[in-house]
Amino acid sequence: MTDLKETACQVRRDIVRMVHGVQSGHPGGSLGCADYLTALYFNIMKHNPSFSMDGVGEDLFFLSNGHISPVFYSVLARSGYFPIQELATFRKLNSRLQGHPTTHEHLPGVRIASGSLGQGMSVALGAAIAKKLNKDTATVFSLHGDGELDEGQNWEAILFAAHKKIDNLIAAIDWNGQQIDGPTEKVMNLGDLAGKFIAFGWEVVNLEKGNDMDEIVAALQHAKSLTGNGKPIVILMKTCMGKGVDFMEGSHEWHGISPNDDQLQRALAQLPETMGDY
């Protein structure tokens, strides 16, 4: 797992540099999901950086909580979808790396625009159904924020997935307990989230250590072993917002602000350069 951990460290370094460079973006959730997306793209998914929108024969990933685009862009670039140097254009005018991923920029690796929360589950379901109709045995993955579950469309999709036995879908919930207005338990308490998904007819994989690479890989492998059994699968992933940068960890205040010059240097001092900066 050493290589995966080193990759995740570099991804975190990319994230803080990207948001600092334009003084804009969402570092907190991006840092918290760096381990999961690294494991997914560098260990679990069968995917092709040459990229085609239809993705026939490939595992597909859909980012629903699109504001954590910095981690998504870093992982795509480090996977070979586009030049790493392009990360320096994040959120700049005429860049393909918009604050929220878009499809009209034709950025390899991006299959949906995900600016509005709550829609990714529905899109992932459509892709999973298409794979079933086409006799394509690959898996569809999606990622959602816990605060995003406040949006009702998610629950319509969650009901539909179980009813239609969409068992080639693995959704992950970034359960960091934080959203833009504060702790999720105060803004809109999710309560017994595992119990809710079970009641809705899903297989639940509990990932208590969502920033532990060994645990993440094991959870994803277990989730893949559950596909094909007539139920959609969800990974409830307990993460720490801002993971890897001590002054950002566990605070909703870093949902959508960027570090200043001094804070950038403090963050980089905690994140060794393992693969070379862009």
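Predicted model: local features only at pLDDT ≥ 70, side-chain atom pairs only at ≥ 80, totals over all residues.
Student: What radius of gyration does the protein chain have?
Tutor: The radius is taken over C-alpha atoms, and the globule rule is 2.2 Å times the number of residues to the power 0.38. For 278 residues, a compact globule would come near 19 Å. The chain agrees with that, at 17 Å.

Student: What share of the residues is buried?
Tutor: Buried means under 20% relative accessible area, exposed over 50%, and partly exposed in between (1.4 Å probe, protein chains only). Among the 278 residues of the protein chain, the buried share is 56%.

Student: Are helices H1 and H10 roughly parallel or roughly antiparallel?
Tutor: Axes are lines fitted to C-alpha atoms over the stretch in contact, and angles run from 0 to 180 degrees between N-to-C directions. H1 (residues 2–22) and H10 (residues 261–269) pack at about 170°, with axes 10 Å apart. Angles under 35 degrees count as roughly parallel, over 145 as roughly antiparallel, 65 to 115 as roughly perpendicular and the rest as oblique. Therefore H1 and H10 are roughly antiparallel.

Student: Which residues of H10 make the contact with H1?
Tutor: Contact means heavy atoms within 4.5 Å. H1 contributes Arg13, Val16, Arg17 and His20. From H10 come Asp261, Leu264, Ala267 and Leu268.

Student: How many disulfides does the structure hold?
Tutor: A disulfide here is a pair of cysteine sulfur atoms within 2.5 Å. For cysteine 33, the nearest cysteine sulfur belongs to cysteine 240 and is 11 Å away. The number of disulfides is 0.

Student: Is cysteine 33 buried or exposed?
Tutor: Cysteine 240, at 22% relative accessibility, counts as partly exposed. Cysteine 33 has a relative accessible area of 0%, so this residue is buried.

Student: Which residues does glutamine 153 touch, not counting those up to four places away in sequence?
Tutor: Glutamine 153 is found in helix H6 (residues 152–163) and is partly exposed, with a relative accessible area of 34%. With residues up to four places away left out, glutamine 153 touches Gly118, Gln119 and Ser122.

Definitions and conventions:
Residues numbered from 1 in each chain as written. Heavy atoms only, no water. Helix = DSSP H or I, 4+ residues; strand = E, 2+ residues; numbered from the N terminus.
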